[in-house]
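Open the structure in your viewer and keep the selection panel at hand.

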Amino acid sequence: MSGNVFIVGLGLIGGSLALTIKNQHPHAKIYGYDVKQSEIETASALNIIDEKVTSFHEGAELADLIILSTPVLEMEKLMKQLSSLTLKENVIITDTGSTKGGIMQLASKLLQKEVTFIGGHPMAGSHKAGVESAKVHLFENAFYVLTPQLSTSSEKVEELKDWLSGANSHFLVLDTEEHDYITGVVSHFPHVIAAGLVNLAKKNADKNPLISLLAAGGFRDVTRIASSNPNMWKDIVKQNRLNLLDLIEDWMMEMRNIQNVLAEEDEHAIIRFFEEAKEFRDSLPVHSKGAIPSYYDLYVDVKDVPGAIAGITSLLAKQSISITNLHILESREGLLGVLRISFQKDEDRSKAQVLLNHNNFKTYEAA
Ligand SMILES: NC(=O)C1=CN([C@@H]2O[C@H](COP(=O)(O)OP(=O)(O)OC[C@H]3O[C@@H](n4cnc5c(N)ncnc54)[C@H](O)[C@@H]3O)[C@@H](O)[C@H]2O)C=CC1
Ligand SMILES: O=C(O)C(=O)Cc1ccc(O)cc1
């Protein structure tokens, strides 16, 4: 496709979408705007955008596709501005926000009937922020929720899917309320709990410094998302607060239940508590990216000798296999350690496994 695409908010998500659109539609012209001039400059230097725009108005009025990718409460202010601009006749406006209720309400209240607004939520990302973390493959295999208005034609929805086809995501059309309820359960509430767990550990670490030293392994795994951008999450939890308030009530009941069975030392009930969680967790699909995307992990036995890890990373680099994370799970002097390498794509993990096995490393897909 060709035309002018205007990305507002040149962060992780806006930058990654710019890359996927340019990759799929090389004739499209990508215009970018951000309140932070530094982000515009970085996006331009990294060739993530073709043209820098000095005001929101300027970009909006020349665009065929407008993508709002700022924190969700900022988007609401931008929607108000959009309602007073002269936009192109066939423009499509979409957003990338993690909540859909507020923006969809504003779209139906503010925008003229002829303007197409289709809510969007690429359900993949990371705890990192900023355009320098943008990646063309970020949304691959992830779900990409669309929430069209009732009045939106299926042709317009298809046109937006065409624009976004380079993301290689699975599109899912959802009702706004359903979207906010589901993402509340599987994404927003887990972020609240992760932050709560870390805050709890911090309070205890003030009493005993060994807590910080030993807060590794599983603790780091379940709390990775507590390193997410606080400002972005402030907006998300404010927007989805009614669902979150209900979930907090349910959670308190869950905790009250485990508190009672522990107090009573009811072994059967304690086993049931863990069993129920394990059964459901083990039944979840492993290869699809959910709201909190999994990375494709590969475990490698490594000898505790100088240069062992560098040897592995240089093998991968020579084959241009990119990794998203490295973590030493176990390393004791003179013994084998286990290195966990995370990849963004299953395909990269498979290539790495073949390569490392060929070079006599022992690898596993599960720890
Ligand atoms: N980070 C993630 O993993 C995901 C985030 N989202 C959603 O996507 C949106 C963007 O998130 P990220 O890219 O992660 O955040 P980010 O913090 O990396 O980027 C947001 C950018 O918006 C800019 N900005 C803020 N207010 C602005 C305004 N009024 N006008 C122009 N630019 C403005 C900021 O300067 C920043 O560069 C958020 O609504 C978030 O809820 C959706 C899926 C995943
Ligand atoms: O860091 C992670 O894994 C995330 O949870 C990414 C994420 C953040 C916000 C979303 O709306 C969807 C996905």
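Select ligand 1 and its shell. Helix H1 (12–24), helix H4 (72–82) and helix H10 (230–239) each give that shell at least two residues. Helices here are DSSP runs of H or I with at least four residues, strands are runs of E with at least two, and both are numbered from the N terminus. Now pick out Gly-9, Gly-11, Ile-13, Ser-98 and Gly-125: of the 29 residues around ligand 1, these come nearest. A residue counts as near when its C-beta atom, placed from the backbone, lies within 6 Å of the molecule or strand. Color the shell by class: 13 nonpolar, twelve polar and four charged. Nonpolar covers Ala, Val, Leu, Ile, Met, Phe, Trp, Tyr, Cys and Pro; charged covers Asp, Glu, Lys and Arg; the others, Gly among them, are polar.

A note before moving on. This is a predicted model, in which local features need pLDDT of at least 70 and side-chain atom pairs count only at pLDDT 80 or more, while totals for chains, interfaces and linings use all residues. Residues are numbered from 1 along each chain as its sequence is written, and chains are lettered from A and ligands numbered from 1 in the order in which they are written.

Next, show the strands. Eight of them form an open sheet in the order S3-S2-S1-S4-S5-S6-S7-S8, with mixed pairing. Pairing takes at least two DSSP bridges between two strands. Strand S3 (51–52) and S8 are the edges, each pairing on one side only.

Zoom in on S7 (residues 143–148) and S8 (residues 170–173), which pair in the parallel sense over four bridges. Val-145 sits opposite Leu-172 in S8. Leu-146 has Val-173 in S8 as its bridge partner.

Now go to helix H7 (residues 176–207) and helix H11 (residues 241–263). Their axes, lines fitted to C-alpha atoms over the stretch in contact, come within 9 Å and cross at roughly 65 degrees. Angles run from 0 to 180 degrees between N-to-C directions. Asn-243, Leu-244 and Leu-247 in H11 meet H7 residues including Tyr-181, His-188 and Phe-189. Contact means C-beta atoms, placed from the backbone, within 7 Å.

Last stop: H11 with helix H12 (residues 267–283). The axes come within 8 Å and cross at roughly 145 degrees. Select Ile-258, Val-261 and Leu-262 in H11; they meet Ala-269, Ile-270 and Phe-273 in H12. By class, that is six nonpolar, no polar and no charged.

Terms used. Contact = placed C-beta atoms within 7 Å.
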